Amino acid sequence: MNFLSKLRGLVLASTLCLAALSFAETYALMIGINDYPEPTDSRGQPLRDENGNVVSEDLFGCVNDVTAMGDVLKSGFKVKPDNIRVLTNAQANESGFVEGMRWLLRNAKPGDQVVFMYSGHGAQIQDATEADGKQEVLVLADHKLVPDKFFQELSNLWVKSGIRATLIFDCCHSGGMDRMPTDVIAKQKFTNRLPKSAAPVAAQRLTQLQNAVVKPRQAQAPGSFAFLFAGQEAQTTSDLRFKDDSPAHGAFTLIMLAILKDIPTAPAQEMVDVVKDVLEKNKFAQVPNAVFSSPERAKEPILLMN
C-alpha cells in the first residue's frame with residue numbers, strides 16, 4: 001500500500017465520536033531545517049559548481065523561523081509550552097516527521113486548534129497525475145519527500161473532525177501544498193535539483209500515523225483550515241541573512257512575525273496581504289498567498305486566543 005493510500009485510510013478511520021471539549025487546546029508542530037546532506041555527483045563525490053566550489057544545500061533562517069514562531073504562539077496566543085513541538089535539522093527526518101504528526105493527530109480533539117509550520121526546502125517533481133505535470137513536496141532533513149496531497153488529506157481530516165487548523169509553509173513552491181486553485185499566476189518558472197537519494201516517505205511509516213488516531217468520534221461542528229504560503233507553486237522563496245547581528249529568517253516569516261508580535265488578532269488574509277505588499281515594495285519576486293476553508297475563516301486570526 002503506497003503513501004497516499006495509507007493516508008486515505010487514516011482519514012477514513014477518523015470520523016470522530018466524542019463531543020467537543022468545552023475548552024479548546026492548541027497544539028503546534030513546528031519543523032525547521034537548515035542542515036541538509038551535501039549533494040554528490042555520479043561518482044559519489046561532493047558536487048561542485050562551475051568555479052569548483054562545493055555546492056551546499058544548507059539554509060540559514062529556517063530554525064530561527066520556527067523557534068520565533070513558537071515564541072509568538074506562547075506569548076501572543078497563550079499556547080502552553082508543552083503543547084508545542086519543535087523539530088529542527090536532523091530531528092526533522094522521516095522518523096521525526098512521522099512521530100511528530102503522530103503526536104499531533106493523537107492529541108488534537110474536536111474543538112481544538114492545531115498549527116503546522118514548515119520552514120526548509122520545498123521542491124517540484126514530475127507527476128503525470130497532476131494537471132501541470134508536477135507535484136510539490138517538502139524535503140526533510142534526510143532528503144525524504146512529503147507530497148502536497150498529504151496536506152490536502154490532512155486538512156480534510158481536521159475539518160471533518162471539528163478541528164481548527166493553520167498550516168504555514170515558508171519554502172520554495174509552497175503555493176502548491178494544498179493542491180487547490182489560486183488566483184495569482186506565478187511570475188517566474190524555476191527548476192529544482194533534487195539529489196538521487198531523495199525519495200518519498202516510506203509507506204510503511206504511515207502505519208504509525210494510522211495507529212495514532214483515536215477511535216471514530218463525531219464532532220459537534222465542522223472544523224476549518226487556513227493555508228499560508230510564502231510563495232506561489234512555481235516560485236522560489238527568499239532565505240535572508242544580514243550583515244549585522246540580526247538573526248537569519250525566511251522573508252515571509254520575518255514580516256509575518258513582526259505583524260503577529262504587534263497584532264496577534266490580525267485577520268489572516270489581511271496579514272498575508274500586508275506581507276505581500278512589503279515584499280513587492282522591496283522587489284522580492286515571491287508572491288505570498290493563502291487558501292481558506294471559508295470566507296469567514298479568512299477574516300479570523302491565524303489562531304483564536306486560548
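Start at Lys283, which sits in the loop between H7 and strand E12 (289–292). Lys283 is not a glycine, yet its phi is positive, about 65°. Its relative accessibility is 76%, so Lys283 counts as exposed (over 50%; buried is under 20%, partly exposed in between, with a 1.4 Å probe and protein chains only).

This is a predicted model: local features need pLDDT of at least 70 and side-chain atom pairs pLDDT 80 or more, while totals for chains, interfaces and linings use all residues. Numbering runs from 1 along each chain as its sequence is written, and side-chain values use heavy atoms, without hydrogens or water.

**The whole protein**

Zoom out. The protein has 8 helices and 12 strands. Of its 306 residues, 53% count as buried. Now take contacts (heavy atoms within 4.5 Å) between residues at least 6 apart in sequence: 79% of them join residues at least 24 apart.

Select His143. It lies in the loop between strand E5 (134–139) and strand E6 (144–147). His143 is not a glycine, but has a positive phi of about 65°. Is His143 buried or exposed? His143 has a relative accessible area of 3%, so it is buried.

**Helices H6 and H7**

Next, select residues 251–262 for helix H6 and 268–281 for helix H7. Their axes come within 10 Å and cross at roughly 125°. That angle makes H6 oblique to H7. The crossing is right-handed.

Show the side chains where the two helices meet. From H6 come Ala251, Phe252, Ile255, Met256, Ile259 and Leu260; from H7 come Met271, Val274, Val275, Val278 and Leu279. An α-helix has 3.6 residues a turn, so residues three or four places apart point the same way.

Stay on H6. Its buried residues are Ala251, Phe252, Thr253, Ile255, Met256, Leu257, Ile259 and Leu260. Check its length: at 1.5 Å a residue, the 12 residues of H6 should span 16 Å, and the end C-alpha atoms are 18 Å apart, which agrees. (The expected span is 1.5 Å times one less than the number of residues.)

**Helix H3**

Last stop: residues 94–107, helix H3. Its 14 residues should span 20 Å, and its end C-alpha atoms are 20 Å apart, in agreement. Look at the start of H3. There, a side-chain oxygen of Asn93 comes to within 3.3 Å of the backbone nitrogen of Ser95.

Which residues of H3 are buried? They are Glu94, Gly96, Phe97, Val98, Gly100, Met101, Trp103, Leu104 and Leu105.

Note on methods. Helix = DSSP H or I, 4+ residues; strand = E, 2+ residues; numbered from the N terminus. Polar contact = N/O pair within 3.5 Å; in protein donor to acceptor, adjacent residues only side chain to side chain. Axes fitted to C-alpha atoms, helices over the stretch in contact; angles between N-to-C directions. Parallel < 35°, antiparallel > 145°, perpendicular 65-115°, else oblique. Left-handed = near helix turned anticlockwise from the far one by under 90°.
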